[in-house]
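Here is a short briefing to read alongside the model. Keep the structure open as you go, and look up each residue when it comes up.

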Amino acid sequence: MESNSAPNMILWFFLGLFLISCFLLIRLFSPFMSVLVLAAVVTGMFNWVFVIFSRKMKPPLAAFLTCVVIFFLLFVPIVFFVGILSTEAYDLYLMGKNAVLSNQIQEYIKNNQILERINAVLSDYGMAFTGEQLQSSISDIGKVVGLFLYEQASSVATNVLQFLIYFFFMLLIAYYLLIDGNRLVSFITDLSPLPEDQDQQLIQKFKDIARAILVGNGLGGLIQGTLGGVVFSLFGFTSPFLWGVIMAFLAFLPIIGIGVVFLPAAALLFIKGRIGAGIFFVVFYVLLSGVIEYVFKPKLVGKRVKMHTLLVVLSIMGGLRLFGLLGIIYGPLIVTAFLTLTDIYRASYQKLVDPLGD
């Protein structure tokens with residue numbers, strides 16, 4: 001008995017020390033968790049560049065040149081976009097705060113026959129839709145959205161030094177992940193008590209969902225935001241760059257999407273009497289969303305990522321609420337981990353827990 005208890009005590013003592021060290025390590029790295037996650041994501045996005053460079057040069061030089069590419073493709077556009085975004089977002093906030101529309105639009109609202117016809121139908125149900133309500137709704141949306149985006153852009157602009165430090169810290173982490181990323185993955189899988197096939201299943205799921213979010217949704221959002229901003233500019237809407245950025249973020253939500261911006265814009269065109277422009281906006285929105293969701297994304301991402309649409313929406317919205325903008329990445333990854341572990345449990349461990357189950 002004594003010979004068996006001594007190894008058990010040593011094992012439990014070691015496990016206690018190991019758990020304490022893991023807890024302290026997490027506390028130590030927690031201030032940089034966002035930077036670590038972003039570095040891992042960026043490394044995955046630009047790993048193909050590193051592979052191309054590493055064919056003709058040594059890994060350290062290939063990793064350095066890849067980081068240079070990341071700098072010019074990410075840092076320079078971010079700095080450029082933040083300046084424009086902060087200006088247009090502040091203008092939108094002032095419009096909402098002052099609760100005023102142009103006199104021309106107000107005149108259209110007061111004397112618009114379409115609103116009169118709508119109210120004639122709604123009157124049977126004891127309801128009415130007035131121009132003041134439309135003006136108030138547009139003003140409230142402008143105030144909330146404008147203030148949020150202005151605060152986000154201003155926080156980057158006013159903390160330029162901190163942003164620079166974090167960005168170059170992310171590049172430093174990405175540099176070493178490009179060189180030693182495979183060794184790090186092997187180290188983690190070796191420590192894992194799960195069988196190797198289950199470790200690989202988890203890793204592959206994370207790669208697939210990251211590809212779906214960043215490559216599929218990211219490029220899809222970039223296309224929709226760019227084309228949407230161009231259309232807004234061509235039809236004379238103010239702050240087209242701002243609306244393009246908003247549509248690029250909304251494109252991540254498969255149910256909501258850019259319709260939140262396009263359909264009210266089309267309604268506003270109808271109210272102003274620009275019937276042809278309003279019809280074009282509706283048709284353009286349907287075609288753009290349909291091509292991106294049902295042609296572009298499936299071709300680019302494939303069928304390996306299987307997650308219910310409602311789960312995607314809830315994971316992104318919950319992630320945004322808990323983690324801010326990075327919740328777009330965190331939320332789906334958390335749900336993916338849960339679903340993957342559920343599949344592994346059902347395939348390998350459910351019979352052990354419930355041997356009599358079907």
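In this predicted model, G278 is in contact with A266, L269 and F270, leaving aside its neighbours within four places in sequence. G278 is found in helix α11 and counts as buried, with a relative accessibility of 0%.

**Helix α10 and A265**

- Helix α10 covers residues 259-271, and at 1.5 Å a residue its 13 residues should span 18 Å; the C-alpha atoms at its ends are 18 Å apart, so the two values agree.
- Its buried residues are G259, V261, F262, A265, A266, L268, L269 and I271.
- After α10 comes G273, which has a positive phi, near 90 degrees.
- A265 has its place in α10. Is A265 buried or exposed? With 5% relative accessibility, A265 counts as buried.
- Beyond its neighbours within four places in sequence, A265 is in contact with F232, F237 and F281.

**The nonpolar cores**

- Which residues have the most contacts inside the largest nonpolar core? They are F232, F237, M247, I258, V261, F262 and F281, in a core of 22 residues.
- Four helices each supply at least two residues of this core: α8 (196-234), α9 (240-250), α10 and α11 (275-301).
- A second, separate core has 12 residues, and V49, M170, L171 and I173 are included in it.
- Back in the largest core, F232 is one of the residues with the most contacts. Setting aside neighbours within four places in sequence, F232 is in contact with F237, P240, W243, M247, V261, F262, A265 and F281.
- Helix α9 is mostly covered, with eight of its 11 residues buried. Those residues are L242, W243, G244, V245, I246, M247, A248 and L250.

- How many salt bridges does a search of the whole structure find? The search finds one.
- D180 and R183 form a salt bridge, and their closest N and O atoms are 3.4 Å apart.
- Side chains of opposite charge can pair when their charged atoms come close.
- D180 and R183 are three residues apart in helix α7 (residues 160-191), so about one helical turn separates them.
- An α-helix has 3.6 residues a turn, so residues three or four places apart point the same way.
- D180 is partly exposed, at a relative accessible area of 28%, whereas R183 counts as exposed at 63% relative accessibility.
- T189 also has its place in α7, and counts as buried at 18% relative accessibility, because buried means under 20%.
- The T189 side chain reaches the backbone oxygen of S186 at 2.9 Å.
- Leaving aside neighbours within four places in sequence, T189 is in contact with D199 and I203.

**The chain as a whole**

- The protein chain has 13 helices and zero strands.
- Of its 358 residues, 32% are buried.
- Among contacts between residues at least 6 apart in sequence, 72% join residues at least 24 apart.

- The average pLDDT of the protein chain is 74, and 69% of the residues score at least 70.
- Where is confidence lowest, and where is it highest? Confidence is lowest in helix α4 (residues 103-110), with a mean of 52, and highest in helix α2 (residues 33-54), at 84.
- Over residues 99-104 the pLDDT is below 50, and this stretch has 10 contacts in the model beyond near neighbours in sequence.
- Where pLDDT is low, the predicted coordinates should not be read in detail.

Methods: Residues numbered from 1 in each chain as written. Predicted model: local features only at pLDDT ≥ 70, side-chain atom pairs only at ≥ 80, totals over all residues. Heavy atoms only, no water. Expected span 1.5 Å × (residues − 1). Buried < 20%, exposed > 50% of the residue type's maximum accessible area, 1.4 Å probe, protein only. Core = buried A, V, L, I, M, F, W, Y, C linked by side-chain atoms within 4.5 Å. Contact = heavy atoms within 4.5 Å. Salt bridge = Lys/Arg side-chain N within 4 Å of Asp/Glu carboxyl O. pLDDT = per-residue confidence, 0-100. Polar contact = N/O pair within 3.5 Å; in protein donor to acceptor, adjacent residues only side chain to side chain.
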